[in-house]
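Subject: The structure for you to look at

Hello,

Here is the structure I promised to pass on.

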Amino acid sequence: MSDRAKTLHLADPDQTCALAQALSSRLAPGDVILLSGQIGAGKSHFARCLILASLDQPEDVPSPTYTLVQTYPGRHGDIWHADLYRLTDISEVEELGLIDAFSDAICLVEWPDRLGDLAPGTALCLHLDAPSPDDSRVLSLSWTDPSWDAKLKGVLDD
């Protein structure tokens, strides 16, 4: 993958979940996935599927909309799931410990625009769009760090 961008058409929530599950086993501490898209586009669904596939014991994976961050002990390292929608000031990112987590944990960040300049340049960016009233989604992926090439090989290939 030389262009480091890909667009996928996902027919339903099951396809979204399958993609998240396939990606989960390839992640390691220091990997950051930035999830953007409008409310209801499937960001939390993607994150929940990825987290559940990474756990030894299934557990409730609520959206961190009100807590801002939820952490989980994953097979390949701690997983941090952040929902920054309610973030009121960029200084709160540091208070949450998110900056350290970017290097020490697997991080899934919803509403990454709230990070401003604190967004890691090595992150995998996923944008979900719901262009029609059915359950289909369009997933646009982009990355600049070449380490994602190997992690995504086989996950995105048809």
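Below are the notes on salt bridges and on a charged surface patch.

First, some ground rules: this is a predicted model, in which local features need pLDDT of at least 70 and side-chain atom pairs count only at pLDDT 80 or more, while totals for chains, interfaces and linings use all residues. Residues are numbered from 1 along each chain as its sequence is written, and side-chain values use heavy atoms, with hydrogens and water left out.

**Salt bridges**

Side chains of opposite charge can pair when their charged atoms come close. Searching the whole structure gives four salt bridges (a side-chain nitrogen of Lys or Arg within 4 Å of a carboxyl oxygen of Asp or Glu). Here are notes on some of them.

One of them joins Asp149 to Arg4, at 2.9 Å from N to O. This pair links distant parts of the chain, 145 residues apart: Asp149 belongs to helix H5 (residues 147-152), and Arg4 to the segment before strand E1 (5-10). Helices (H or I, at least four residues) and strands (E, at least two) are DSSP runs, numbered from the N terminus. Asp149 is buried at 18% relative accessibility, and Arg4 is partly exposed at 24%. Buried means under 20% relative accessible area, exposed over 50%, and partly exposed in between (1.4 Å probe, protein chains only).

Another salt bridge is made by Arg75 and Asp56, at 3.0 Å from N to O. Arg75 sits in the loop between strand E3 (69-74) and strand E4 (77-83), and Asp56 in the loop between helix H2 (43-54) and E3, so the pair ties together parts that are 19 residues apart in sequence. Arg75 is partly exposed, at 45%, and Asp56 is exposed, at 56%.

Asp113 and Arg114 also form a salt bridge, at 2.9 Å from N to O. Here Asp113 is exposed at 53%, whereas Arg114 is partly exposed at 24%.

**The negative patch**

Which residues form a negative surface patch? They are Asp89, Glu94, Glu95, Asp100 and Asp104. Helix H3 (91-95) and helix H4 (98-104) are the elements that give two or more residues to this patch. Asp100 is in helix H4 and is exposed, with a relative accessible area of 52%. Patch residues have over 30% relative accessible area and no salt bridge, with like charges joined within 9 Å and nonpolar side chains (Val, Leu, Ile, Met, Phe, Trp, Tyr) within 5 Å.

Best wishes

Conventions:
Areas by Shrake-Rupley, 256 points an atom, 1.4 Å probe, with all protein chains shown as cover. Lys, Arg positive; Asp, Glu negative; His and termini not counted. Charge placed at Lys NZ, Arg CZ, Asp CG, Glu CD.
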